[in-house]
Amino acid sequence: MLGVIGGSGFYTFFGSDVHHVTPDTPYGPPSAPLTVGTIGEHEVAVLPRHGATHEYSAHTVPYLANMWALRTLGVRRVFAPCAVGSLNPAYGPGSIVVPDQLVDRTNGRADTYFDSGSIHVDFADPYCPTLRQAAAGLPDVVDGGTMVVIQGPRFSTRAESQWFASAGFMLVNMTGYPEAVLACELEMCYAAIALVTDLDAGVNHGEGVKTVDVMAEFEKNIEPFKALVRNAIGRVAAERDCAHCLSHTGVTLPFELP
C-alpha cells in the first residue's frame, strides 16, 4: 500500500469509492481518519497532515502517531506533498520541486521512536530514490534541491532567509521533519513533493511572506498539484522494489514494528 500525507487541499483526493479508518497507535490518534481508495493498480491511504479541519499547526502535528498509523495500515511507501517557500528566485510560485536533501532547523519536536537501545538510523540520503524518480521524472518538475525545515508557526525573518539562501538551500518548509526520519525508522520509503507558494522573505524585497498570499497561491495550484501526485503514484511499481529504508537488518529493536 502507498501513503500520501497531504497538506492543505488534500482533504479530497479520490472519487466516491473510499473508506475511512483510524488505526490505534501507542502515540495517540493520528491527525485525522485515513481515507483509503484506489489509484490505478495501487491501494492508497491519504492522511491529512494538519487534521480534517486544519486544526494542527506545523509544530503541533502528531507526527509519531501519523507515521505509526500509516505503517499499521500496511503502508510501506509514502509521498509527502507540501507547500514551501523558495529561496531561489529562479523557482517562483507554482514551481514543483522534488528535494533530495533536508536540513532540520526545528526544535522540541518528538523525532524518534527509539528512546531506548543503541539504534542509529542511516539518514545521509533522507528521501527514497525510487519514489523521488517517480515524481521527478514528470514534466516541468525540478529534480533535486535542499529543503530546510523550520519550527514555525512563524515565517522566517529576512536575515534567516538570507542565511538559508547563502548556505545553498533551495526551499523552506515547516513539516518535512520529523516525517522523513520517522518514516525511515519504520522502514517506509518516503519522498517529498514540494509546491512553491512564495518567495521567502530574504528573496522577496517587498512586504515579506503573508499567510493570505500563500494560501491563495496554494488554492490556485491545488488541483494540478493533486493530479501530479496521482501521476507520480501511477509511475510507482506495483511491488516495492527499493531497499533504501530497510535499515534495521540485524538490529534488535526495542519494540516490534507494526
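This is a predicted model: local features need pLDDT of at least 70, side-chain atom pairs count only at pLDDT 80 or more; totals for chains, interfaces and linings use all residues.
How do the residues of the lining of the largest pocket divide into nonpolar, polar and charged?

The lining of the largest pocket divides into 14 nonpolar residues, eleven polar residues and four charged residues. In total, 29 residues line this pocket, and the space within it is about 600 Å³. Nearest its centre lie His50, Ala83, Phe155, Met174 and Val214. Turning to secondary structure, the elements that contribute two or more residues to this lining are strand S5, residues 77-86, strand S10, residues 171-173, strand S11, residues 189-199, and helix H5, residues 211-234. Of the lining, the largest share is that of S5, with five residues.

I now move to the second largest pocket, for which the computed volume is about 160 Å³. Its lining is made by Arg105, Asn107, Ile150, Gln151, Gly152, Arg154, Ser156, Glu160, Trp163 and Phe164. By class, three of these lining residues are nonpolar, four are polar and three are charged. Helix H3, residues 158-166, supplies three residues, the largest share of this lining.

Is Ala201 buried or exposed? Ala201 is placed in the loop between S11 and H5. Its relative accessibility is 6%, and the threshold for burial is under 20%, so Ala201 counts as buried.

Finally, I would draw your attention to strand S3, residues 34-39. Why can S3 be described as largely enclosed by the rest of the structure? The reason is that five of its six residues are buried. S3 also has pairing partners. Strand S2, residues 19-21, runs antiparallel to S3 and is joined to it by three bridges; within this pairing, Val21 stands opposite Leu34. Strand S4, residues 42-48, is likewise antiparallel to S3, with five bridges joining them, and here Val36 stands opposite Ala45. Together S3 and S4 form a hairpin, with two residues between the strands. In that turn, Gly40 has a positive phi of about 60 degrees.

Definitions and conventions. Residues are numbered from 1 along each chain as its sequence is written. Side-chain values use heavy atoms; hydrogens and water are left out. On a 1 Å grid over the protein atoms alone, a cavity is a set of points where a 1.4 Å probe fits but cannot get out, and a pocket is an open set with protein on both sides within 12 Å along at least five of seven lines; lining residues have an atom within 4 Å of a point. Grid points are joined across faces, edges and corners, and a volume is the space filled by probe spheres set on the points. Helices (H or I, at least four residues) and strands (E, at least two) are DSSP runs, numbered from the N terminus. Ala, Val, Leu, Ile, Met, Phe, Trp, Tyr, Cys and Pro count as nonpolar, Asp, Glu, Lys and Arg as charged, and the others, Gly among them, as polar. Buried means under 20% relative accessible area, exposed over 50%, partly exposed in between (1.4 Å probe, protein chains only). Two strands pair if DSSP finds at least two bridges between them.
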